[in-house]
Structures are given as structure tokens and as C-alpha cells.
Amino acid sequence: MSEYINVSRRTFLKGTAAVAGAALAGGAYEIVHPEGAVAEEAPIEVKNTYCDMCNHVPKCGIAASVKDGKVVRVEARDKYPADPICAKGISSLQELYDPHRITYPMVRTNPKGTGAPEWEPISWDDAYARIASELNRIKEESGPEAVLFYCGDPKEPRGAMQRLATLFGSPTYGTESSTCAAATWICSQLVTGQLTMGSDPTDATASCLVWSLNPAWSQPYRFGDMMKQKERGCKFVVVDPRITPTVTGLADVHLQLRPGTDGALALGFIHVMLRDGLYDKDFVEKWTHGFDELSGYVQEFTPERVEEITWVPAAKLEEAVRIICENAPATLVSSSAGACHATNVGNFQRAVYSIIALTGDLDVAGGLAMGPGLPFDYSASTAAFRLEDMYAEKGLQDIRYDKDDFPVWAHYFKMIQTAHLPELVADGKIRAGVLLGVNSMMWPQTPEYQRAIKDMEFTVAIDYYMRPWTHDLVDMLLPAAMCYERMAPPAIFGRKIFHRDPVVKPMGQCREDWQIILEIGCALGFEEECYGGSVEAALDDMYRGAGIDISLELLREHPEGYEVPGGSKDEKKYETGGLRKDGQPGFNTPTGKIELVSEILKQYGFEGLPVYEEPVHSPVSTPDEAKDYSLVLNSGSRVPYYTHSKLRDLPWLNQFMPDPVVRLHPDDAEARGITDGAQVRVFNQFGEVTMKAEITNLVLPGVVDVFHGWHQADINLLTTRDFDPITGFPPFRSGLCEVERTGKGKITV
């Protein structure tokens with residue numbers, strides 16, 4: 001395909017409403033392929049699929065009109081849980097037919113570190129043979145744990161990749177959750193015994209605490225549902241350093257805090273609850289552990305003290321507590337990352353979950369939902385592929401590289417925390433890697449991880465595009481199929497499962513991620529265990545082994561989605577044994593109770609209380625440093641048109657934000673002589689980038705907000721490798737920096 005599909009800019013802007021921030025699209029989109037690409041007389045067939053442009057959640061439904069093997073029209077899928085299509089979903093067509101896609105396997109012909117890479121085509125068979133030879137050699141010399149199996153974005157192949165790693169005998173399986181949702185997963189389990197990121201408000205919810213999430217931009221379908229609950233009368237408290245569309249659209253009270261001080265704010269919230277008796281005393285007495293210790297600890301976090309730390313006015317904190325505690329039932333909505341990118345996240349996020357636990361609004365209509373769901377996630381799962389037993393049989397937990405550095409992480413996950421990848425490579429512990437959707441910019445101090453990728457003896461990357469900042473460092477690059485071209489995995493909403501079949505054939509020689517992984521497994525000698533490379537067979541085995549009486553055939557018979565029977569709708573299942581594997585009353589924690597003081601953390605030598613600590617670099621912890629770098633650096637915000645570092649070069653989306661942007665408050669800009677649109681240097685002692693200034697009162701004075709993911713302005717160069725000891729998360733949202741003007745006038749594009 002020599003050029004992009006044609007949709008007028010006017011039509012695209014009108015339909016997506018992306019400039020307004022909602023990024024919602026209505027109606028259908030007719031597209032025009034280059035002349036001769038589609039036979040005009042060919043019939044049109046409508047095929048259903050889902051979009052994966054938003055990091056694989058929520059998998060919004062797409063009805064694709066296919067003509068002569070090409071998609072010519074897209075619209076929202078009928079009778080499907082997640083819609084409408086947003087600007088990114090429509091632009092998935094431009095990604096699908098992007099002429100810059102990798103469409104055949106390539107191997108590097110000159111040694112790494114000798115200049116720009118030189119590439120030549122390689123057949124799939126020869127590629128698999130070389131991969132198998134290199135990985136088996138390293139396995140024989142250093143053990144299987146010396147090979148890293150990694151899934152970045154897309155997340156969809158995680159189940160298949162973890163199966164391959166486990167068959168190979170390597171516990172060195174990692175994912176981008178090392179800097180994404182896993183901190184929230186850990187903290188929710190430490191407190192409640194259940195992995196949860198909260199529960200959206202329902203018709204029974206009276207109030208909702210939204211902590212560091214901006215669904216108006218990151219999940220517009222979800223924001224629409226929240227707006228409906230707002231109109232119904234649900235009260236909202238929103239915690240966010242910025243004034244976002246979520247704040248302006250939902251918040252009855254906005255707690256606009258200094259980035260990195262969430263722990264103090266959460267403890268202040270609890271202080272007021274306990275001081276004024278605004279908690280469920282009966283629930284606390286019977287179902288919580290460590291209440292007296294927590295009660296004693298929060299005494300110092302008075303609203304006045306919290307205001308000094310967080311910059312949130314004491315009166316607003318008091319008002320927020322009353323909204324949540326006096327409007328029951330209440331629920332909590334937290335983010336997959338958001339404020340979690342801080343060195344205190346392993347404690348602060350536990351304090352946030354303790355807030356909702358103290359209300360007692362757990363496992364009741366309108367409160368925080370609890371209970372076992374289907375044995376799948378967005379990529380399949382360890383349980384569905386029955387990997388737990390295999391992992392134990394091979395003794396993989398004992399040979400993990402991260403079990404000493406991040407023991408709590410290792411306690412919960414059968415995937416390693418990749419924070420120390422540079423050290424593991426430098427020490428010769430990791431010598432090779434199978435890297436799917438890897439992006440070296442996802443970690444703090446990017447060059448450290450680029451060096452690690454380069455220094456591995458052999459690396460094969462699987463991706464859609466060639467990205468020099470990562471792929472210049474690998475030995476082989478394999479082309480992956482995109483969402484319209486893939487089968488695995490399914491989309492799951494509650495207990496309803498939607499199977500996906502490809503709607504068009506893959507471009508060129510591209511292959512589905514699952515297929516590539518399974519075929520690598522076959523080449524490594526696991527022909528039977530990898531289903532001969534068949535994605536259909538793998539999916540069917542996963543379904544049949546899940547213990548819920550489903551199969552691939554059954555799901556195909558239900559294109560409208562199959563509702564898996566069962567699932568308890570009982571409330572307060574903790575009273576009847578519905579939450580624990582042993583069937584006993586209580587929660588899945590060591591004490592069987594909500595752990596306000598964590599026994600698991602104490603087991604691994606940590607403080608059991610959710611203690612507050614200042615960010616490693618802050619105006620309080622490093623005042624001398626703050627004299628030179630006086631602005632708090634908050635990076636990682638999302639915008640409606642991009643997902644992390646993806647989609648920056650799609651013209652339909654790039655028109656909305658063509659340049660890297662840093663947001664400053666007008667007071668900070670005036671003090672530095674910076675005008676809106678000026679080119680500025682954002683820097684600290686660790687690194688610097690050049691960006692375009694946006695002057696706005698949407699950010700706090702003394703704080704800058706930087707959108708991440710720009711390879712030409714990698715903000716992670718300014719972030720230190722000071723990892724939270726509990727979760728291993730980096731401090732993307734709590735550093736220090738300075739901004740100064742570098743040029744005259746505005747950037748022109």
C-alpha cells in the first residue's frame with residue numbers, strides 16, 4: 001500500500017470531536033483506498049472485531065465493512081458492551097494500511113555497536129531456526145533463566161508468551177506492567193486480598209472516589225458512563241494534580257495535590273474519618289486487622305498538616321471526606337498507573353484502599369465489587385493455560401532474579417520486575433531476549449535499558465514498525481499482524497466472552513503474535529505443547545481447560561457474545577466464604593481480614609503500616625536541589641489521541657498534537673519569560689529535552705505536566721532509577737526540574 005487511506009481532515013475532526021477532548025466518534029466512516037487497490041464490483045461483507053488502540057482495554061467494538069479483502073468502512077459494533085469508536089479507533093485504519101509497517105522478517109547483518117544497522121530479509125523458517133539455535137545454546141551454557149521473554153504493547157500475547165517461557169524453563173518472563181498497572185494490583189491485594197483497580201459507580205452508588213484517573217481522555221467510553229451516574233445524582237471526589245475534563249465534568253470536590261504526596265492525602269482522609277467517627281465501626285471491629293495501629297499513626301496527619309504537605313486546602317479535604325462517608329454506598333476508582341509512579345506507591349496506594357475499606361462498602365450493591373471472575377484477563381492467563389503447576393514443578397520461583405530485590409512483587413506475580421534489567425544484563429544473568437512490543441523509552445534513564453538490549457548476545461523483536469531507538473539494538477525483527485488481522489485473544493466483559501476472528505488477511509508476511517510465539521516454541525522442541533503453531537488449537541485448549549465448560553466452537557456459535565453461566569451475585573461474600581479458596585469466611589489475606597497493617601509486608605521485612613515518605617527528589621526532601629530545579633515534574637499524562645508512545649506518526653492523530661508539549665502555570669511561565677508556544681528546555685541534573693510550552697492554569701503553580709512517549713523528547717531521561725522497594729515502580733510523577741526558554745517566537749509546523 002503506497003499511501004494512506006483518504007478521509008478529509010474536516011470529516012475526521014467533525015466525527016471524532018477529538019479537539020474538544022472527549023474523543024468520541026459517532027456514525028460511520030467511509031474510506032477511499034488508492035486507485036486499483038479494491039475491485040469496485042466486489043461485494044461488501046460486514047465483519048465484527050474490536051479495537052486494541054487503547055492498550056487493549058476496553059476493546060471497543062468495531063463493525064468493519066470488507067470489500068475485496070480491504071476494510072472500506074468502520075462503525076460502532078451493534079449490541080456490544082464498549083462503544084462508540086473514538087478517534088484512535090477510527091485511526092486504526094490508518095495504522096492498518098500504514099506504508100511504514102514491517103511486512104517481512106529481517107535480520108541484522110552487521111554487528112551491534114558498529115554503526116547504523118544493516119538489514120536483509122530472512123525467511124520465517126530460517127528465522128525460527130536461528131532463534132532456536134541461539135536460545136538453546138544460551139540455555140545449555142547458562143540455564144533457561146538467562147533468556148528473557150518479554151511482552152510490552154500489545155499486551156494480547158501475554159498468555160502465549162508466558163506459556164513459552166514456562167515450557168522453556170525460564171522464570172525470566174516480564175511485561176510492561178513493571179511500570180503500569182501492577183503496583184495497584186499489588187496494593188489492592190495487600191489490603192483486600194483481591195486484585196482490583198476499583199469498581200465504577202452503578203445505579204446503586206451514592207458517591208465515588210476517583211484517585212488519579214482521567215477517563216475523559218484515556219477511556220472516553222467509561223467517562224460517558226460516569227457522566228450518566230453524575231446526572232443521576234452520584235457524588236464525585238476527584239484526586240488529581242491537574243484540572244482535567246474528568247475534574248470539570250464530574251468533581252463535586254477536586255483535591256489538587258502536589259504530585260508524589262498522595263500518601264499524606266490518603267492518611268489525612270483516614271484521619272478525618274476516624275476523628276469524626278465517619279467509618280463503619282461494626283465492619284472495622286469484625287473484619288479489619290491493624291486498626292488500632294493505623295489509628296495511632298494517622299493522628300499526625302491533621303488536615304492542616306496535610307495541607308502543608310500536599311497543598312490541598314484543609315477545608316476541601318474535610319468536605320471530600322464527608323461526601324464519601326455520608327453518601328453510602330461509596331466506591332473507589334483508581335488508575336492503572338497514574339499516581340503509582342512514585343517511590344512511595346507501595347504504601348500510599350494501600351492507604352487509598354484502606355479508605356474505602358473503612359467505609360465498609362465492600363461487596364455490596366454500588367460499593368467496591370469483590371469476588372472471583374472468569375479465569376482470563378485481556379491476554380488469556382496463567383490459570384487458563386494451567387501454568388501454575390508447571391511453574392511449581394520446574395521450581396521456577398527459586399531461580400527468579402528478582403525475588404531478593406523485589407520480594408513482594410515476586411510473592412504475587414509469575415513475571416519478573418524488569419526494573420533492574422540493566423544490572424541483570426551487565427552481570428551476565430540475562431544473555432538473550434524474545435522481545436514483543438518492547439520500547440526502550442518505557443523505563444527511567446532510557447540509555448541504561450538501551451545498553452542492556454544492545455549488550456544481550458541475541459535479541460529478536462516482534463513489532464509493527466521499526467523504531468530506531470529500540471530496534472537499532474536488536475539482531476532480528478519479525479512483523480506482527482494488527483487487530484483486524486488477528487484472532488487471539490477474546491474480549492471479556494464480566495462473564496460475557498466475545499471471540500474474534502480476523503476480518504482481513506495479514507499484510508505481506510505478517511503473522512499473528514500468538515502464532516509467532518507458538519511457532520518459536522515448536523522450533524525450540526515443544527511442538528505438541530505449542531499446538532503445532534495453531535492459534536485455534538491453543539485457544540480451544542485454553543477455553544476447555546478453564547473449568548467453565550466453554551470451547552472455541554461454542555464461542556463461534558455466539559457472535560453476539562456468550563454469557564458464561566454461574567457467578568455469585570450474593571453480597572458480602574466474605575461472610576459466607578465466597579471470597580476465599582478454602583471456602584472459609586473472610587478475605588484472601590494472611591489474617592483473613594482487611595489488612596490495614598500488612599502481614600505480608602512484615603514477612604518480607606517492610607513496615608506493615610502505610611507510612612508516608614516524601615519523594616526522593618522534592619522541594620521537601622532535597623531543598624538544596626530545589627534551589628536549582630524549582631518545579632515539580634509530573635510526567636506520563638495521557639491525551640485523547642495517543643496511547644503512551646503509540647500512534648504519534650499517524651497523520652489523522654498527529655494533527656492534534658504534532659509537537660512534544662510541556663504545560664506550565666501562567667505564574668511560572670511569566671517568571672521565566674516564557675510565552676505560549678515557545679520552545680523551551682526542560683532539564684535537571686539527570687537529563688534534558690526540548691519541548692513546546694503550553695501556558696495553562698490547568699496545572700498547579702510550581703508544577704509542570706509533561707506528556708510522555710516522544711522519542712525526540714524523551715522525558716524519562718529526567719527520571720531517576722529510584723524504585724519503590726515494594727512494587728519496583730519508578731518516580732515518573734514526582735521529580736524536580738527547571739524550564740527555560742531556548743528560542744524566539746513559537747514553533748511552526
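Guide: A salt bridge is a side-chain nitrogen of Lys or Arg within 4 Å of a carboxyl oxygen of Asp or Glu. The model is predicted, so local features need pLDDT of at least 70 and side-chain atom pairs count only at pLDDT 80 or more, while totals for chains, interfaces and linings use all residues. Residues are numbered from 1 along each chain as its sequence is written, and side-chain values use heavy atoms, with hydrogens and water left out.

Visitor: What domains does the assignment give?

Guide: The bounds come from an automatic or database domain assignment. Domain 1 is 7–16 + 25–95 and domain 2 is 104–177 + 375–561. Domain 3 is 196–368 + 586–602, and domain 4 is 621–739.

Visitor: How many salt bridges are there between domain 3 and domain 4?

Guide: Zero salt bridges are counted between domain 3 and domain 4. The rule does find six residue pairs in polar contact across that interface, both residues at pLDDT 80 or more. A polar contact is a pair of N or O atoms within 3.5 Å; within protein, one must be able to donate a hydrogen and the other to accept it, and residues adjacent in sequence count only if both atoms are side-chain atoms.

Visitor: What area is buried between domain 3 and domain 4?

Guide: About 2,000 Å², with carbon and sulfur atoms giving 65% of that area. Buried area here is the accessible area (1.4 Å probe) that two parts lose on being put together, summed over both. The C-alpha centres of domain 3 and domain 4 lie 27 Å apart. The contact (heavy atoms within 4.5 Å) takes 22 residues from domain 3 and 26 residues from domain 4.

Visitor: Back to salt bridges. What is the count by this rule?

Guide: The count comes to 45 salt bridges. One of them joins the side chains of K573 and D363, at 2.9 Å from N to O. K573 is in the loop between strand 19 (562–563) and strand 20 (594–595), and D363 is in the loop between helix 14 and helix 15 (387–393), so the pair ties together parts that are 210 residues apart in sequence. Helices (H or I, at least four residues) and strands (E, at least two) are DSSP runs, numbered from the N terminus.

Visitor: Is K573 buried or exposed?

Guide: K573 counts as buried, at 7% relative accessibility. D363 is buried too, at 6%. Buried means under 20% relative accessible area, exposed over 50%, and partly exposed in between (1.4 Å probe, protein chains only).

Visitor: What about E448 and R451, how far apart are they in helix 18?

Guide: E448 and R451 are three residues apart in helix 18 (residues 446–455), which means they are separated by about one helical turn. Their side chains meet in a salt bridge of 3.5 Å, N to O. E448 is partly exposed at 32% relative accessibility, and R451 is partly exposed at 42%.

Visitor: Which residues are linked in a network of salt bridges?

Guide: R130, E134, R137, E141, R431 and E457.

Visitor: New topic. How many residues has the largest nonpolar core?

Guide: The largest nonpolar core has 230 residues, and those with the most contacts inside it are V71, L135, W211, Y484 and V682. Such a core is a set of buried Ala, Val, Leu, Ile, Met, Phe, Trp, Tyr and Cys residues joined through side-chain atoms within 4.5 Å. In soluble globular proteins, nonpolar side chains tend to be buried together.

Visitor: What is L135 in contact with?

Guide: Leaving aside neighbours within four places in sequence, L135 is in contact with V147, F149, F168, A432, V434, F458 and L524. Another core, of seven residues, lies apart from the largest one, and V632, F683, L700 and V703 are among its residues.

Visitor: F168 is in helix 4, then. How many residues of helix 4 are buried?

Guide: Eleven of the eleven residues in helix 4 (residues 158–168) are buried. Just after helix 4, G169 takes a positive phi of about 95 degrees.

Visitor: Which residue other than glycine has a positive phi near 75 degrees?

Guide: That is L647. L647 sits in the loop between strand 21 (631–637) and helix 25 (651–654), and is buried, with a relative accessible area of 3%. D549 also has a positive phi, about 60 degrees, without being a glycine, but D549 is exposed at 72% relative accessibility.
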